[in-house]
Amino acid sequence: VQLQASGGGLVQAGGSLKLTCAASGRISSVNAMAWYRQGPGATRELVAEITSRGSITYADSVKGRFTISRDGTKNTVYLQMNTLKAEDTSVYYCNYKDALSDYWGQGTLVTVSS
């Protein structure tokens, strides 16, 4: 499975960005796709996850501000990020996992200026 992430950039605090991750290759019908982030000197943390059955999980820090969604026909997952804060500055990574596999995309940098 290959993951292509895009959509990062520089935005002012309070602004919005939308990340996109397109998966290709051998995609299982039962899977989960997620966004993680890793700030400078920090460990990688889950931001949001959506399963192929539509179950969604958010980190407490982004609830009410970020929305994860997916287009099953395109094997694409989106992360709409609103009301961005300086502490959201991180490299964001797309992740795909199924019963047998766990793949990471390249990171996309999100920088929020205060």
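Predicted model: local features only at pLDDT ≥ 70, side-chain atom pairs only at ≥ 80, totals over all residues.

Me: Is Thr-51 buried or exposed?
Reply: Thr-51 has a relative accessible area of 18%. The cut-off for buried is under 20%, so Thr-51 counts as buried.

Me: What is Thr-51 in contact with, skipping its neighbours within four places in sequence?
Reply: Asn-31, Ala-32 and Arg-70.

Me: OK, on to sheets. In what order do the strands of the open sheet come?
Reply: The order is β1-β3-β8-β7, four strands with antiparallel pairing. The edge strands are β1 (2-6) and β7 (66-71), and each of those pairs on one side only. From one strand to the next, the twist averages 15 degrees.

Me: How many bridges join β1 to β3?
Reply: Five, and the two strands run antiparallel, with β3 covering residues 17-24.

Me: Which residue in β3 stands opposite Ser-6?
Reply: That's Thr-20.

Me: Switching topic: how many disulfides does a search of the whole structure find?
Reply: One. The disulfide joins Cys-21 to Cys-94, with an S to S distance of 2.0 Å.

Me: Where do Cys-21 and Cys-94 lie?
Reply: Cys-21 is in strand β3 and Cys-94 is in strand β9 (residues 90-97), so this pair ties together parts that are 73 residues apart in sequence.

Me: Is that disulfide left-handed or right-handed, and why?
Reply: The torsion about the S-S bond of Cys-21 and Cys-94 is about -85 degrees, so the disulfide is left-handed.

Me: Are the cysteines buried or exposed?
Reply: Cys-21 has 0% relative accessibility, so it counts as buried. Cys-94 is also at 0% and likewise counts as buried.

Me: Now charges. Why would charged side chains pair up at all?
Reply: Side chains of opposite charge can pair when their charged atoms come close.

Me: And how many salt bridges does a search of the whole structure find?
Reply: Four. One of them is between Asp-88 and Arg-37, whose closest N and O atoms are 2.9 Å apart. Asp-88 sits in the loop between β8 (76-81) and β9, while Arg-37 is in strand β4 (residues 32-38), so the pair ties together parts 51 residues apart in sequence. Both Asp-88 and Arg-37 are buried.

Me: What about Arg-65, which residue does it form a salt bridge with?
Reply: Asp-88 again, with the closest N and O atoms 2.7 Å apart. This pair links distant parts of the chain, since Arg-65 is in the loop between β6 (56-58) and β7 and Asp-88 is in the loop between β8 and β9, 23 residues apart. Both Arg-65 and Asp-88 are buried. Through shared partners, salt bridges join Arg-37, Glu-45, Arg-65 and Asp-88 into one network.

Me: Which residue does Lys-63 meet in a salt bridge?
Reply: Asp-60, at 3.0 Å from N to O. Asp-60 is exposed, with a relative accessible area of 64%.

Me: Let's go inside. How many residues has the largest nonpolar core?
Reply: It has 26, and those with the most contacts inside it are Trp-35, Leu-79, Met-81 and Tyr-92. Elements that give two or more residues include β4, β5 (45-51) and β11 (108-113). The largest share, four residues, comes from β3.

Me: What does Tyr-92 touch, not counting residues up to four places away?
Reply: Its contacts include Leu-19, Trp-35, Val-47, Phe-66, Leu-79, Met-81 and Val-110. Arg-37, from the salt bridge network, is also among the residues Tyr-92 touches.

Me: Last one. Where is Leu-84 found?
Reply: Leu-84 is in the loop between β8 and β9, and it is buried, with a relative accessible area of 2%. Residues Leu-84 touches include Val-11, Leu-17, Arg-65, Phe-66 and Val-112, leaving out those up to four places away in sequence. The C-alpha atoms of Leu-84 and Cys-94 are separated by 19 Å, with the two residues ten apart along the chain.

Methods. Residues numbered from 1 in each chain as written. Heavy atoms only, no water. Pairing = 2+ DSSP bridges. Axes fitted to C-alpha atoms, helices over the stretch in contact; angles between N-to-C directions. Disulfide = S-S within 2.5 Å. Buried < 20%, exposed > 50% of the residue type's maximum accessible area, 1.4 Å probe, protein only. Salt bridge = Lys/Arg side-chain N within 4 Å of Asp/Glu carboxyl O. Core = buried A, V, L, I, M, F, W, Y, C linked by side-chain atoms within 4.5 Å. Contact = heavy atoms within 4.5 Å.
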